[in-house]
Amino acid sequence: MQFEDVTSITTMLQKLGLSPEKVVVEVNMDIVPKEQFDGRILNEEDTIEVVSFVGGG
Amino acid sequence: MKKIPLKLCHLLGEAKMEIFINEKKVILEKPMTAFEIRDTYKTDADVIILNGFIINSDSPLKANDCLTLIKKGEVPSHEELEALLVARHTPGVHDKVKKSVVGIAGLGGLGSNIAVSLARLGIGKLILVDFDVVEPSNLNRQQYFISHIGMPKTNALKELISRINPFVDVITINTYINENNVDECFKDAEIIVEAFDNPISKALLVNNILKKHPEKYIVAASGMAGYYSSNTIITKRRTSKFYLIGDGVSEAKLGCGLMAPRVAIAANHQANKVLQIILGENDL
């Protein structure tokens, strides 16, 4: 995935149309807590996994 | 039940015969009939099943016949029920299952179905957590009965399980799970099943377990509404101890609600994954 500007997890989620309250984000095999979404800047070589939950159960 | 002692057969040329009585192998010293076995083993049996069929008149037994003697409504003893489970799953499997402690967060469509499947398997201990009460609208997909309407789901499910397998140790916690109590709720569970319906709660629980309890397994679910293809409900391993079940997209909403078949499919994907983890077959 390519981004033009410096991108935080928050920005990435916005671009993907995902809600920060409904996701699990893992960067390079490490879970990033929600409180760090604004501050964590993504780098070019980062591997990011996002699970976004939908309602129902 | 009396056991027929094994003795050398002194009778002229009559061979010993092996049959199964309530799934236990028994060697008969002489030919016997079904009713004679009933009179020896379980005189109060009122249903006799021979090789899968109920019989109302006596029948001589042949080698390898399977006879089941039942007294209607009788609660099996712990030993009997355990023997039946072992016969199905092999002793090695049952041994692991009965030592396991599984926590279930949410006792709705997913949670109630998962709890019932695990109870039937003979799981050792279940920790069931929910704050909700059984409502009539739940009955379209949750395992509750009309007699449970108005009861807290924790109580209703515990009662239901006691009528399936009374030997499962069921701990209930009637509470709304949040960041402050989740650690305490599931401290004894090796495997936690996420069975909420609110996506925010789902994310909260999974993040909490992954970050603060990485030694525990979490089996979560997302996307199971409607009557779309059954084949799109899948189990995916996300990290070494985080599994996600569902189609990932079918959100429960007006006009596309939760329906029994697909919810139960997702729930049993979760239950089967729990079983695989217990048996050390994490990659199936």
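Modeller: What follows concerns a stretch of chain B, with a short note on a cavity at the end. The model is a predicted one.

Strand β3 of chain B, residues 47-50, has two pairing partners to consider. With strand β5 of chain B, residues 66-70, β3(B) pairs in the antiparallel sense over four bridges; within this pairing, I48(B) has L69(B) as its bridge partner. With strand β4 of chain B, residues 53-54, β3(B) is joined by two bridges, and these strands also run antiparallel. Here L50(B) stands opposite F53(B). The strands β3(B) and β4(B) form a hairpin with two residues between them, and N51(B), in the turn, has a positive phi of about 50 degrees.

The axes of α2(B), residues 78-89, and α3(B), residues 91-98, come within 7 Å and cross at roughly 120 degrees. Because of that angle, α2(B) is oblique to α3(B). From α2(B), the contact is made by E82(B), L85(B), V86(B) and H89(B), and from α3(B) by P91(B), V93(B), H94(B) and K98(B). By class, this contact has four nonpolar, two polar and two charged residues.

Finally, the cavity. The largest cavity holds about 50 Å³ of space. Its lining draws on both chains: V24(A), E26(A), I31(A), E49(A) and V51(A) are joined there by R238(B), T239(B) and F242(B). Strands β1 and β3 of chain A and β11 of chain B each supply at least two residues of that lining, which divides into four nonpolar, one polar and three charged residues.

Methods: Residues are numbered from 1 along each chain as its sequence is written. Chains are lettered from A and ligands numbered from 1 in the order in which they are written. This is a predicted model: local features need pLDDT of at least 70, side-chain atom pairs count only at pLDDT 80 or more; totals for chains, interfaces and linings use all residues. Side-chain values use heavy atoms; hydrogens and water are left out. Axes are lines fitted to C-alpha atoms, for helices over the stretch in contact, and angles run from 0 to 180 degrees between N-to-C directions. Angles under 35 degrees count as roughly parallel, over 145 as roughly antiparallel, 65 to 115 as roughly perpendicular and the rest as oblique. Contact means heavy atoms within 4.5 Å. Ala, Val, Leu, Ile, Met, Phe, Trp, Tyr, Cys and Pro count as nonpolar, Asp, Glu, Lys and Arg as charged, and the others, Gly among them, as polar. Two strands pair if DSSP finds at least two bridges between them. On a 1 Å grid over the protein atoms alone, a cavity is a set of points where a 1.4 Å probe fits but cannot get out, and a pocket is an open set with protein on both sides within 12 Å along at least five of seven lines; lining residues have an atom within 4 Å of a point. Grid points are joined across faces, edges and corners, and a volume is the space filled by probe spheres set on the points.
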